[in-house]
Amino acid sequence: MDQRTFTATTVDEAWEQFSTDITWQESPNNYRAVINTGKYKVDLETVKSVGGGDEGWGFEQTTFRAALPASNTFKFAITPEDFLNRIGKFFGMQDVKVGYPEFDDNVLVQTNDEVRLKQLFADETLRTVFQNLSGYSFHIDKTDQTEEDHLHLVIQRALTNPADLRRVFSVFYHVLSTLDPR
């Protein structure tokens with residue numbers, strides 16, 4: 001899969017280039033791009049495999065990823081509330097309540113800074129996008145290869161519609177710019 005790169009001075013300009021390109025792709029289900037806005041580089045990848053043979057049942061995923069400065073100490077993970085998470089909560093797994101029942105009832109939240117997390121998710125648009133996504137995880141982690149932190153958003157669906165991608169990208173970019181205001 002070839003990687004496409006889009007560079008512009010604003011998010012809207014970069015997104016316009018990206019959305020025009022993905023619309024004309026023969027196979028947007030297997031697509032990789034870097035959206036560079038001057039402030040941040042966001043890697044975007046959509047993969048869809050129908051499965052069969054050695055591949056098993058098939059696989060779909062959309063991933064957004066961007067580097068954060070190594071000085072970032074804020075960590076969090078958000079996953080959809082499901083059967084396994086409910087069992088984990090029963091046995092004491094951490095679940096931070098953000099303070100919005102419609103959000104808190106649908107996700108499991110873990111963090112090392114509850115105050116900062118609550119400030120971040122005070123944004124209604126952010127909460128709405130996450131509570132309406134299914135099959136996602138959202139987290140910050142440090143990799144062994146570098147000393148940078150990375151913000152990841154992984155959705156277990158291949159999003160190929162530019163409007164859907166834009167909505168999720170906007171939320172991802174909002175979190176990124178809040179964590180790294182540059």
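1. A residue is called buried if its relative accessible area is under 20%, exposed if that area is over 50%, and partly exposed in between, with a 1.4 Å probe and protein chains only. By that definition Phe64 is buried, its relative accessible area being 0%, and of the 182 residues of the chain 40% count as buried.

2. On the source, this is a predicted model, in which local features need pLDDT of at least 70 and side-chain atom pairs count only at pLDDT 80 or more, while totals for chains, interfaces and linings use all residues. Residues are numbered from 1 along each chain as its sequence is written, and side-chain values use heavy atoms, with hydrogens and water left out.

3. The secondary structure comes to six helices and eight strands, where helices (H or I, at least four residues) and strands (E, at least two) are DSSP runs numbered from the N terminus. Read along the sequence, these elements follow the pattern β-α-β-β-β-β-α-α-β-α-α-β-β-α.

4. Strands pair if DSSP finds at least two bridges between them. Strand E4 (residues 59-68) runs antiparallel to strand E3 (residues 41-49), with seven bridges joining them, and Glu45 stands opposite Thr63 in E4. Seven bridges also join E4 to strand E8 (residues 149-155), again in an antiparallel arrangement, and here Arg65 stands opposite His152 in E8.

5. Which residues have the most contacts inside the largest nonpolar core? They are Phe18, Phe76, Phe121 and Phe130, in a core of 45 residues, a nonpolar core being a set of buried Ala, Val, Leu, Ile, Met, Phe, Trp, Tyr and Cys residues joined through side-chain atoms within 4.5 Å. The largest share of this core, nine residues, comes from H6. In soluble globular proteins, nonpolar side chains tend to be buried together.

6. Contact means heavy atoms within 4.5 Å. Leaving aside residues up to four places away in sequence, Phe130 touches Phe103, Phe121, Tyr136, Phe138, Leu153 and Val171. For the chain, residues 24 or more positions apart account for 60% of the contacts with a separation of 6 or more.

7. The structure holds twelve aromatic pairs, and rings of Phe, Tyr and Trp (its six-membered ring) pair if their centres lie within 6.5 Å, with planes under 30 degrees apart counted as stacked, over 60 as edge-to-face and the rest as tilted. The rings of Phe64 and Phe169 have their centres 6.2 Å apart and their planes at 45 degrees, so this pair is tilted. Since Phe64 lies in strand E4 and Phe169 in helix H6, the pair ties together parts that are 105 residues apart in sequence. Phe169 is buried, with a relative accessible area of 1%, and its ring also forms a tilted pair with that of Tyr173, the centres being 5.6 Å apart and the planes at 35 degrees. Phe169 and Tyr173, four residues apart in helix H6, are separated by about one helical turn. Ring pairs link a cluster whose members include Phe6, Trp15, Phe18 and Phe64.

8. There are six salt bridges, each a side-chain nitrogen of Lys or Arg within 4 Å of a carboxyl oxygen of Asp or Glu. One of them joins Arg4 and Asp21 at 2.4 Å, N to O, linking strand E1 (residues 3-7) with helix H1 (residues 11-23) across 17 residues. Arg4 is partly exposed at 35% relative accessible area, whereas Asp21 counts as buried at 12%.

9. Where do the partners of the salt bridge between Asp12 and Arg166 lie? The closest N and O atoms of the two are 2.6 Å apart, and Asp12 lies in helix H1 and Arg166 in helix H6 (residues 162-179), so the pair ties together parts that are 154 residues apart in sequence. Asp12 is exposed, with a relative accessible area of 52%, while Arg166 is partly exposed at 23%.

10. Glu102 forms a salt bridge with Arg127, with the closest N and O atoms 3.9 Å apart; Glu102 belongs to helix H3 (residues 101-104) and Arg127 to helix H5 (residues 124-132), 25 residues apart. Arg127 counts as buried at 5% relative accessibility, and Ala122 touches both Tyr100 and Arg127, not counting residues up to four places away in sequence.
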